[in-house]
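Take a moment to look over the sequence and turn the 3D view around. We will then walk through it together, one part at a time.

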Amino acid sequence: QVQLVESGGGLVQAGGSLRLSCAASGRVISSYNMGWFRRVPGKEREFVAAISLSGGSAYYADSVKGRFTISRDNAKNTVYLQMNSLKPEDTAVYYCAAAPVSRGLTNLRTSVAYAYWGQGTQVTVSS
């Protein structure tokens, strides 16, 4: 079991920045590929970014590429999402998730790859 707790959400003006953190407990995240998703009420959960075990590979949704950066610190058992140049359409609840290595890398853009999820943190971007 992996427990994930997100933090760092809040209210920010358009063009601003936030850094989300995802702290894991129960098992070390060095055994998992990690991802961030987001959900707007009434819409499907949307892939944002993912990172491989070692951090050597990162994947982004087209909508955030060039503005968001995913990173991980396995020694601290924590994953981060640096969000710059935020837009009102980035407003959502952001979720951290852990994907077992056995599920591979090819499905990291889809929620089916992930076995564990956090409770989410709200990000609101005002115009």
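Predicted model: local features only at pLDDT ≥ 70, side-chain atom pairs only at ≥ 80, totals over all residues.

Residues are numbered from 1 along each chain as its sequence is written, and side-chain values use heavy atoms, with hydrogens and water left out.

Let us begin with a sheet. Strands of a sheet pair through backbone hydrogen bonds, either parallel or antiparallel. Here, four strands make an open sheet in the order 1-3-8-7, with antiparallel pairing. The strands are DSSP runs (E, at least two residues), numbered from the N terminus, and two of them pair if DSSP finds at least two bridges between them. Strand 1 (3-7) and strand 7 (68-73) are the edge strands, each pairing on one side only. On average, neighbouring strands of this sheet are turned by 15° against each other, direction ignored; the axes behind such an angle are lines fitted to C-alpha atoms, and angles run from 0 to 180 degrees between N-to-C directions.

Now find strand 8, residues 78-83, which pairs with strand 7 in the antiparallel sense over six bridges. Along this pairing, Phe 68 stands opposite Met 83, and Ser 71 stands opposite Tyr 80. Strand 3 also pairs with strand 8 in the antiparallel sense, over six bridges; there, Arg 19 has Gln 82 as its bridge partner. How many of the six residues of strand 8 are buried? Five of them are, so strand 8 is largely enclosed by the rest of the structure. Buried means under 20% relative accessible area, exposed means over 50%, and partly exposed lies in between (1.4 Å probe, protein chains only).

A disulfide is a covalent bond between the sulfur atoms of two cysteines. The rule used here asks for a pair of cysteine sulfur atoms within 2.5 Å, and the count comes to one disulfide. It joins Cys 22 to Cys 96, with 2.1 Å from S to S. This pair links distant parts of the chain: Cys 22 lies in strand 3 (residues 18-25) and Cys 96 in strand 9 (residues 92-100), 74 residues apart. Is the disulfide left-handed or right-handed? The torsion about the S-S bond of Cys 22 and Cys 96 is about -75°, so the disulfide is left-handed. Both Cys 22 and Cys 96 are buried.

Next, look for aromatic rings. Rings of Phe, Tyr and Trp (its six-membered ring) pair if their centres lie within 6.5 Å; planes under 30 degrees apart count as stacked, over 60 as edge-to-face and the rest as tilted. By this rule there are five aromatic pairs. In one of them, the rings of Tyr 32 and Tyr 116 have centres 6.0 Å apart and planes at 80°, so the pair is edge-to-face. Tyr 32 belongs to strand 4 (residues 32-39) and Tyr 116 to strand 10 (residues 116-117), 84 residues apart. Tyr 32 and Tyr 116 are both buried. Tyr 114 and Trp 117 form a tilted pair, 5.7 Å centre to centre with 55° between the planes. Tyr 114 is buried, with a relative accessible area of 4%, whereas Trp 117 is partly exposed at 24%. Together with Phe 37 and Phe 47, Tyr 114 and Trp 117 form one aromatic cluster.

Finally, visit two loops. Most residues other than glycine have a negative phi, and most peptide bonds are trans. Strand 7 and strand 8 form a hairpin with four residues between them, and Asn 77 in the turn has a positive phi of about 55°. At 12% relative accessibility, Asn 77 counts as buried. Its side chain reaches the backbone nitrogen of Ile 29 at 2.7 Å. Ser 85, in the loop between strand 8 and strand 9, also has a positive phi, about 50°, although it is not a glycine. Ser 85 is partly exposed, with a relative accessible area of 42%.

How values were computed. Polar contact = N/O pair within 3.5 Å; in protein donor to acceptor, adjacent residues only side chain to side chain.
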